[in-house]
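Have the structure open while you read.

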Amino acid sequence: MILPPTTVAKAQNALPFALSFLLIPLGIISAVYGGWTVLLLPVITWYLFSALDFAVGLNTDNADLETTDAQMFWYTAITILWVPAQFVFLFGLIWYVAPADHLNTLEKIVIFFGVGVITGTVGINYSHELMHQKNKLERWLADALLAMVLYSHFRSEHLLVHHRYVATPKDPVTARMGESFYRFYPRVLRQCFHSAWNAEKAMLARKNLPASDFSNPFWKYYTMQAICFVLAFALGGWAGVGLFLVQAGVAIWQLELVNYIEHYGLTRKHLGEGKYEHVQPRHSWNAAHKASNWLLINLQRHSDHHYKPDRRFPVLQTYTETDAPQLPYGYPVMTITAMMPSIWRRVMNPRVKKWRDMYYPEITDWSAYNKATNPLPR
């Protein structure tokens, strides 16, 4: 069968976004050979894509907003096909690595640290794309990816809380200026679970249903996570469970690192009586770095994602500094920087101050905007 030239061209345009699939063979090599190869996954993901960002530069082109879902077939296929690929990769490695005699305990842990970098950087990011779609299959696949990292409630928290309250004190995930990642991380782990549960509970209450009703997605979350846990035990025993937990912990850490940088120090103007201005591109940090946007399927065009959450990743728009604040580097570099609070503050705090002066010169007292976030009321 010979595909039409336009179909081939569209597939070629989507191909760079499929680079994530090349990370799977690297994980297999690490498991087979051990030794220094166990470092391949984190090194390639963090440092190679950082180097590629410097090499290939920025992409400031914007896709046609009239592009149809049919025209984005190949792009959508990437996110859908990743789900079975990650499932086989993750549980196949548990089956192979847990009893492997040629790997010592440290090598096994480092391998699954690298696996967590992938299930977090790629897997949770792809679940984020899928959960925003109306298609039930895609939303189910998003839940499957989140179950593999034991973070299923992220869907409820992200859709019902984060997008509604982003850049306000009601959003646990919006990092305040001056808040280090080491204070942010334990706070969001605690608050996001409660805010997700409370949001689902409130939705059921509006239908006169109790939180225990089986329509509460938390039943599905727990069931899918339990299946993953049992499968890890069946394939690798308690060692397999331990390795599964290692990758899940790393994946969650990777997600929350990204959450930390995406809105750091940015706030929506309070209009009084608990109301805030509508979300605009200026309320999320934007990054136009080409290579890391290939890996992260345009997640760094985050300003547009919050402005128009229903847009699929191929048509997310990028913005100039006039309309959205710009990160100096792509996410791989910025997440590493976030782990070093003093450097992070030197890099980002002046940019936050510049953003305040640019968009809200009339606000002279920012203390109310800097207060710690609280979970939503029960």
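1. Let's start with Val115, which is buried, at a relative accessible area of 0%. (Buried is under 20% relative accessible area, exposed is over 50%, and partly exposed is in between, with a 1.4 Å probe and protein chains only.) Val115 sits in helix α5, residues 105-131. Setting aside neighbours within four places in sequence, Val115 is in contact with Leu41, Phe89, Leu90, Leu93 and Gln247, where contact means heavy atoms within 4.5 Å.

2. Some ground rules before going on. This is a predicted model, in which local features need pLDDT of at least 70 and side-chain atom pairs count only at pLDDT 80 or more, while totals for chains, interfaces and linings use all residues. Residues are numbered from 1 along each chain as its sequence is written, and side-chain values use heavy atoms, leaving out hydrogens and water.

3. Now the overall picture. The protein chain has 13 helices and two strands; these are DSSP runs numbered from the N terminus, with helices being H or I of at least four residues and strands being E of at least two. Its radius of gyration is 21 Å, close to the 21 Å that the globule rule gives for 378 residues, so the chain is as compact as a globular protein of that length. (That radius is taken over C-alpha atoms, and the rule is 2.2 Å times the number of residues to the power 0.38.) Along the principal axes, the C-alpha atoms fill a box of roughly 65 × 50 × 45 Å.

4. How much of the protein chain is buried? Of the 378 residues, 54% count as buried. Take the contacts between residues at least 6 apart in sequence: 72% of them join residues at least 24 apart.

5. Charges, briefly. The protein chain carries 33 positive and 26 negative side chains, and the centres of the two sets are 5 Å apart. Lys and Arg count as positive and Asp and Glu as negative, with His and the chain ends not counted; each charge is placed at NZ of Lys, CZ of Arg, CG of Asp or CD of Glu.

6. For the aromatics, a search of the whole structure turns up 32 pairs. Rings of Phe, Tyr and Trp (its six-membered ring) pair if their centres lie within 6.5 Å; planes under 30 degrees apart are stacked, over 60 edge-to-face, and the rest tilted. Trp46 and Trp253 make an edge-to-face pair, 6.2 Å centre to centre with 85° between the planes. That pair links distant parts of the chain: Trp46 is in helix α3 (residues 40-56) and Trp253 in helix α9 (residues 217-262), 207 residues apart. Trp46 and Trp253 are both buried.

7. Phe181 and Phe184 form a tilted pair, 6.2 Å centre to centre and 35° between the planes. Why are they about one helical turn apart? Because they are three residues apart in helix α8 (residues 181-206). Phe181 is buried, as is Phe184. Ring pairs also tie Phe181, Tyr182, Phe184, Tyr185, Tyr260, Tyr264 and Trp344 into a cluster.

8. Beyond residues up to four places away in sequence, Ile252 touches Ile124, Val149, Leu150, Tyr151, Tyr185 and Leu189.

9. One of those partners, Leu150, has a positive phi of about 60° although it is not a glycine. Leu150 is in the loop between α6 (136-147) and α7 (154-165), and counts as partly exposed at 24% relative accessibility. Ile297, in the loop between α10 and α11, has a positive phi of about 40° and is not a glycine either. Ile297 counts as buried, at 3% relative accessibility.

10. Last, helix α12 (residues 331-338) is mostly covered, with six of its eight residues buried: Tyr331, Pro332, Met334, Thr335, Thr337 and Ala338. Their cover includes α3, α8, α9, α10 (290-295), α11 (302-307) and α13 (341-359). Val347 lies in α13 and touches Pro328 and Met334, not counting residues up to four places away in sequence.
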